[in-house]
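Here is a short briefing on one protein chain. Take a look at the sequence and the fold before reading on.

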Amino acid sequence: MKTFTIALAALTAITSAAPTLETRTPGSVLICTGENYTGECERLQVPFNTCQQLAAPYRNNVGSFRPDVGAYCRITYTAEKCTTHGDAFVEPTPGAPTLHHFDDPATGTNMDAGSNMTSFLCQECTNCT
Ligand SMILES: *[C@@H]1O[C@H](CO)[C@@H](O)[C@H](O)[C@H]1NC(C)=O
Ligand SMILES: *[C@@H]1O[C@H](CO)[C@@H](O)[C@H](O)[C@H]1NC(C)=O
């Protein structure tokens, strides 16, 4: 497993040097005010393991959110800033394209998480694709 991780890290180093792949960088997330990556969108490059508190226009107004390959993010929508475990994990695939119609893992109900999303924290995950 360790060898595998190192091999993946080496591969990542090589591919991230290729200009054509620069748009999908570990530690970068795509966030949009509209569902299905519409409305106002931004690609944010964020450090791992650090709570990112959203500012306008995204605070309490996220329609879709997706980390790039190489990371997953914990999103928080029941508190002002990142809780220890977050409210839900979001992986690159499928991402969270419809946060206003989101299956809340805590309650099992489909709810509007996007209108209350305040923050997120991403962690490195070499096998998150
Ligand atoms: C986003 O896409 C899904 C799946 O195609 C669709 O059901 C939903 O209505 C779309 N949402 C918006 C706001 O367009
Ligand atoms: C979202 O925020 C509103 C306004 O603060 C609050 O009334 C509502 O209960 C929140 N919903 C969730 C799911 O936390």
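Helices here are DSSP runs of H or I with at least four residues, and strands are runs of E with at least two, numbered from the N terminus. The model is predicted. By that count the protein has one helix and nine strands.

**Overall layout**
- Along the sequence, the order reads α-β-β-β-β-β-β-β-β-β.
- The protein has 129 residues, and 27% of them are buried.
- Take the contacts between residues at least 6 apart in sequence: 67% of these join residues at least 24 apart.

**Nonpolar core**
- The largest nonpolar core holds 23 residues.
- Within this core, Phe65, Cys73, Ile75, Leu99 and Met117 touch the most other members.
- Two or more core residues come from each of β1 (28-34), β5 (71-76), β6 (88-90) and β9 (119-124).
- Which residues does Leu99 contact, leaving aside neighbours within four places in sequence? They are Glu35, Val62, Gly63, Ser64, Phe65, Ala113, Gly114 and Met117.

**The β1–β2 hairpin**
- β1 and β2 pair in the antiparallel sense, over six bridges.
- Ser28 has Gln45 of β2 as its bridge partner.
- Three residues lie between the two strands, and in this hairpin Asn36 takes a positive phi near 60 degrees.
- How many of the eight residues of β2 (38-45) are buried? The count is zero, and the strand is hardly covered.

Terms used:
Residues are numbered from 1 along each chain as its sequence is written. Chains are lettered from A and ligands numbered from 1 in the order in which they are written. This is a predicted model: local features need pLDDT of at least 70, side-chain atom pairs count only at pLDDT 80 or more; totals for chains, interfaces and linings use all residues. A nonpolar core is a set of buried Ala, Val, Leu, Ile, Met, Phe, Trp, Tyr and Cys residues joined through C-beta atoms within 7 Å. A residue is buried if 20 or more other C-beta atoms lie within 10 Å of its own, exposed if 12 or fewer, and partly exposed in between; C-beta atoms are placed from the backbone. Two residues are in contact if their C-beta atoms, placed from the backbone, lie within 7 Å. Two strands pair if DSSP finds at least two bridges between them.
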